[in-house]
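Biologist: Please take a close look at one part of this protein. Tell me what sits inside, what pairs up, and how the pieces are tied together.

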Amino acid sequence: MQNRFNSSLKSPAIYPEASWWFVFAGHRLLVMVDPEKPKQATGVPRVQDIRSLGFDILREHFLGYLDGIACYAAEIAKETELADGYAAVNLRRLYGQIDDGLTRVAGRGVQIIDWDRNNQFCGRCGARTDIASDRAKVCPSCNLRAYPRLSPAVIMLIRRDDKLLLAHSNRHPAGFYSVLAGFAEPGETLEECVAREIKEEVGIEVKNITYFGSQPWPFPDSLMIGFMCDYAGGEINLEDDEIADADWYTIDNMPMMLPPSTISIAGQLIEAFIAEQKEK
Ligand SMILES: [Zn+2]
């Protein structure tokens, strides 16, 4: 994927004309909508200063440049009344609806706003924090630094001959299956995490754990790291409360999939497996 975004901490001296403004009311992003079809987002506001639209801004951060255009994240009160033609929409719903570059910058923006809001006071001594020059909140009393939180999570596809393992989690809607995933623990490598999560969730051993790709997933702060691996031994054993069902599937006998698109790395892993099988 071509990198269209240049992250920058150095904000311009004055607001550039027609900057992108990623404005959040809670975790909802302010978008323009089609007045005829209010569920259809048409874009993100592009103005010099978002205050010109009448908003009271609680906090704002310069993010960098998307295709050379300045990008700001800002927060407004959750209860702010929006003019006709605007809506505050769950970011997850916007994937595939507006430009991919915009949703990705919005994902950065919501995490920066969250970090600023959630670290106004030092977690160790309770003093009010300052913003340091390197995107850290720093305590003037005890020097504790708080950076934006990133939670690494592995997501993995397990191959066994011409089959892959798919599981139904209790967190998924009824009947939907996907690949396994789980959060890394302090002190383990990502490969150890893949093996541990698979063992915990479905009771089997794997080998040939190889890196596939990664994807920021800002719900609320995951970095998904994808892996492919091969079955090495054991029988499926669902001791974990999280997984309700798991089994091996060939590509011509797949259950309903979650999520159904290649926007997510889960979808990309499954597409890659299907392509691999079709080549055989
Ligand atoms: Zn402190």
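Modeller: Start with a term. A residue counts as buried when its relative accessible area is under 20% and as exposed when that area is over 50%; partly exposed lies in between. Keep in mind that this is a predicted model.

Now take helix H2, which spans residues 100-118. Threonine 103 lies in this helix. Its relative accessibility is 0%, so threonine 103 counts as buried. What is threonine 103 in contact with, leaving aside its neighbours within four places in sequence? The partners are Leu91, Leu94, Tyr95 and Ile98.

Move along helix H2 to aspartate 116. The side chain of aspartate 116 meets that of lysine 137 in a salt bridge, with 2.5 Å from N to O. This pair links distant parts of the chain: aspartate 116 is in helix H2, lysine 137 is in strand E10, and 21 residues separate them. Are these two residues buried or exposed? Both aspartate 116 and lysine 137 are buried. As a general point, side chains of opposite charge can pair when their charged atoms come close.

Across the whole structure, a search finds 19 salt bridges.

Another salt bridge joins arginine 145 to aspartate 134, with the closest N and O atoms 2.9 Å apart. Arginine 145 sits in strand E11 and aspartate 134 in the loop between E9 and E10, so this pair ties together parts that are 11 residues apart in sequence.

Next comes the metal. Which residues are the protein donors of the zinc ion? They are Cys122, Cys125, Cys139 and Cys142, each through its SG atom, lying 2.3 to 2.4 Å from the ion. The site is tetrahedral, with angles of 100 to 121° among the 4 donor atoms. Along the chain, the donors follow the spacing C-x2-C-x13-C-x2-C. Cysteine 125 and cysteine 139 link distant parts of the chain, 14 residues apart. Cysteine 125 is in the loop between helix H2 and strand E9, while cysteine 139 is in the loop between strand E10 and strand E11. Cysteine 125 has 40% relative accessibility, so it counts as partly exposed. Cysteine 139 is at 1%, so it counts as buried.

What about cysteines bonded to each other? A disulfide is a covalent bond between the sulfur atoms of two cysteines. How many disulfides does the structure hold? The count is 0. Take cysteine 229 as a case. Its closest cysteine sulfur is in cysteine 193, and the two sulfurs are 12 Å apart, so they are too far for a bond. Cysteine 229 has a relative accessible area of 0%, so it is buried.

One last pair lies further along. The side chains of glutamate 205 and lysine 199 meet in a salt bridge, at 2.9 Å from N to O. Glutamate 205 is partly exposed because its relative accessibility is 40%. Lysine 199 is partly exposed too, with a relative accessible area of 42%.

Key: Residues are numbered from 1 along each chain as its sequence is written. This is a predicted model: local features need pLDDT of at least 70, side-chain atom pairs count only at pLDDT 80 or more; totals for chains, interfaces and linings use all residues. Side-chain values use heavy atoms; hydrogens and water are left out. Donors are N, O and S atoms within 2.8 Å of the metal (3.2 Å for Na, K and Ca); water is not among the atoms, so sites may look incomplete. Four donors count as tetrahedral if all angles lie between 85 and 135 degrees; four count as square planar and six as octahedral if opposite donors are over 155 degrees apart and all others between 65 and 115; anything else is irregular. Helices (H or I, at least four residues) and strands (E, at least two) are DSSP runs, numbered from the N terminus. Buried means under 20% relative accessible area, exposed over 50%, partly exposed in between (1.4 Å probe, protein chains only). Contact means heavy atoms within 4.5 Å. A salt bridge is a side-chain nitrogen of Lys or Arg within 4 Å of a carboxyl oxygen of Asp or Glu. A disulfide is a pair of cysteine sulfur atoms within 2.5 Å.
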